[in-house]
Amino acid sequence: MKIAVASEGKMVAQHFGHCENFNIYTIDNNEVTEVQSVANPGHKPGYLPNFLNDLGVKVIISGGIGSGAIDIFNEKGIKVVSGADGEAEAAVMKYLQGELISKGSACNAHMHHDSCGE
């Protein structure tokens, strides 16, 4: 299984679509076996969920995320965990231990690059 974390370097990004990179963790037997960082190819409506799906991602962890992206992830059977913060790897470990629960944080309006207008 692959888990992607919308990130700013090694920290969980608070805005999915405008994150710097995606840290992608390959999980086998509930352990991280590989980590790669993939640059965000750019924020275009509907693009990033399909991009991550093509990479084999089954879980996405982020701070805030738009409802449109959530809908696409849901259509593809990808679990969305929103409302996360802190270090990306720590968030993945919490998720694997069942301690990271989605807060349902969905951004409904995007006013500019670094802000969600909820």
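Helices (H or I, at least four residues) and strands (E, at least two) are DSSP runs, numbered from the N terminus. This is a predicted model: local features need pLDDT of at least 70, side-chain atom pairs count only at pLDDT 80 or more, and totals for chains, interfaces and linings use all residues. Residues are numbered from 1 along each chain as its sequence is written, and side-chain values use heavy atoms, with hydrogens and water left out.

**Exercise 1. List the secondary structure of the protein chain and give its order.**

Step 1. Count the elements. The protein chain has three helices and eight strands.
Step 2. Read along the sequence. The pattern is β-β-β-β-α-β-β-α-β-α-β.
Step 3. Gly56 follows H1 and has a positive phi, near 90°. Gly77 follows H2, also with a positive phi, near 75°.

**Exercise 2. Describe strand S3 and its pairing.**

Step 1. Look at burial (buried means under 20% relative accessible area, exposed over 50%, partly exposed in between, with a 1.4 Å probe and protein chains only). S3 spans residues 21-28, and seven of its eight residues are buried.
Step 2. Find the partners (two strands pair if DSSP finds at least two bridges between them). S3 pairs with strand S1 (residues 2-8) in the antiparallel sense, over six bridges. Ala4 has Ile24 in S3 as its bridge partner.
Step 3. Turn to S4 (residues 31-39). Eight bridges join it to S3, and the two run antiparallel. Here Thr26 stands opposite Glu34.
Step 4. Inspect the hairpin of S3 and S4. Two residues lie between the strands, and Asn29 takes a positive phi near 55°.

**Exercise 3. Which residues of H1 are buried, and where do they point?**

Step 1. Name them. Leu48, Pro49, Phe51 and Leu52 are buried in H1.
Step 2. View the helix down its axis. The buried residues of H1 fall within an arc of 160°, so they line one face of the helix. The arc is that of the directions from the helix axis to the C-beta atoms.
Step 3. Recall the geometry. An α-helix has 3.6 residues a turn, so residues three or four places apart point the same way.
Step 4. See what this face meets. The buried residues of H1 pack against S1, S3, S4, S5 and H2.

**Exercise 4. Trace the largest nonpolar core.**

Step 1. The largest core has 19 residues, and Phe16, Phe22, Leu52, Ile60, Ile65 and Phe73 touch the most other members.
Step 2. Find the contributors. S1, S3, H1 (47-54), S5 (57-61) and H2 (67-75) are the elements that give two or more residues to this core.
Step 3. Follow Leu52 (contact means heavy atoms within 4.5 Å). Beyond its neighbours within four places in sequence, Leu52 is in contact with Ala4, Phe16, Phe22, Val57, Ile60 and Phe73.
Step 4. Look elsewhere. Another core of 15 residues lies apart, including Ile3, Val12, Leu96 and Leu100.

**Exercise 5. Is Ile101 buried or exposed?**

Step 1. Ile101 lies in the loop between H3 (88-96) and S8 (106-107).
Step 2. Read its area. Ile101 is exposed, with a relative accessible area of 58%.
Step 3. List its contacts. Leaving aside neighbours within four places in sequence, Ile101 is in contact with Val81 and Ser82.

How values were computed
Core = buried A, V, L, I, M, F, W, Y, C linked by side-chain atoms within 4.5 Å.
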